[in-house]
Amino acid sequence: MTKLEQWMSTLLVLMLIWLCLVQDLLNLGYSKKFHDVILPLPVYLLVTAGSYALGTLGLRLANFNDCEEAAQELFMQIQEAQADLASKGLIL
Amino acid sequence: MATRTDQVVGFGLVVFSLVIFIYYTIWVIILPFIDSDHIIHKYFLPREYAIIIPLAAGLFLLLFVGLFITYVMLKNRKPAKKTN
């Protein structure tokens, strides 16, 4: 089973449970407060997933390991290589 | 070490997403269990907006992504295209 199929089946099961609760198909007879909380849950899941993605993005952005000296060194090596190849006749 | 701007933007994003998550959690899950004459209800919009605002924002996001893709695709057309 692929990852997509796993995710889709989990979402399908959650969606069916939510539908059952919202339509009260099991005739559990719960209070209005319960219904008020259950109803927006899919949108709540979306917002949670979105804010998790945004937060992870921000964390990774802040902790990204820029190697300044290695970048400079690489740049120098690229210049050297270009000069070397140009002297040997290869035009880039 | 990421650059100073990267760190600021990164942590700003984290704080922003935390604020959104906490506000939305209180709005959707905690408020229905608080009596309607408690003062905290003053800080939250009517609960219909808890569904309308994320859905509208999601639609706007999709619109923006679609427009961006359109823009990039239009910009990268090969110029020597002969149409009949």
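How much area do domain 1 of chain B and domain 2 of chain B bury between them, and what part of it is on carbon and sulfur atoms? The model is predicted, and in it I found that the two domains bury about 530 Å² between them, with 56% of that area on carbon and sulfur atoms. I then asked which residues supply the share of domain 1 of chain B, and noted that B:Y24, B:W27 and B:F44 account for 75% of the area it buries against domain 2 of chain B, more than any other three residues.

For the bounds, I wrote down that domain 1 of chain B covers 1–44 and domain 2 of chain B covers 45–77. Their centres, taken over C-alpha atoms, are separated by 21 Å. When I looked up the contacts, I found seven residues of domain 1 of chain B touching seven residues of domain 2 of chain B.

Next I turned to the polar side of this interface, where the rule gave me zero salt bridges but four residue pairs in polar contact, both residues of each pair at pLDDT 80 or more. By class, I recorded seven nonpolar residues, no polar and no charged ones on the side of domain 1 of chain B that touches domain 2 of chain B.

My last entry concerns cysteines. I looked for disulfides over all chains and found zero. I also looked up two cysteines of chain A: A:C20 is partly exposed at a relative accessible area of 31%, and A:C67 likewise counts as partly exposed, at 45% relative accessibility.

Conventions:
Residues are numbered from 1 along each chain as its sequence is written. Chains are lettered from A and ligands numbered from 1 in the order in which they are written. This is a predicted model: local features need pLDDT of at least 70, side-chain atom pairs count only at pLDDT 80 or more; totals for chains, interfaces and linings use all residues. Side-chain values use heavy atoms; hydrogens and water are left out. A disulfide is a pair of cysteine sulfur atoms within 2.5 Å. Buried means under 20% relative accessible area, exposed over 50%, partly exposed in between (1.4 Å probe, protein chains only). Domain bounds come from an automatic or database domain assignment. Contact means heavy atoms within 4.5 Å. Buried area is the accessible area (1.4 Å probe) that two parts lose on being put together, summed over both. A salt bridge is a side-chain nitrogen of Lys or Arg within 4 Å of a carboxyl oxygen of Asp or Glu. A polar contact is a pair of N or O atoms within 3.5 Å; within protein, one must be able to donate a hydrogen and the other to accept it, and residues adjacent in sequence count only if both atoms are side-chain atoms. Ala, Val, Leu, Ile, Met, Phe, Trp, Tyr, Cys and Pro count as nonpolar, Asp, Glu, Lys and Arg as charged, and the others, Gly among them, as polar.
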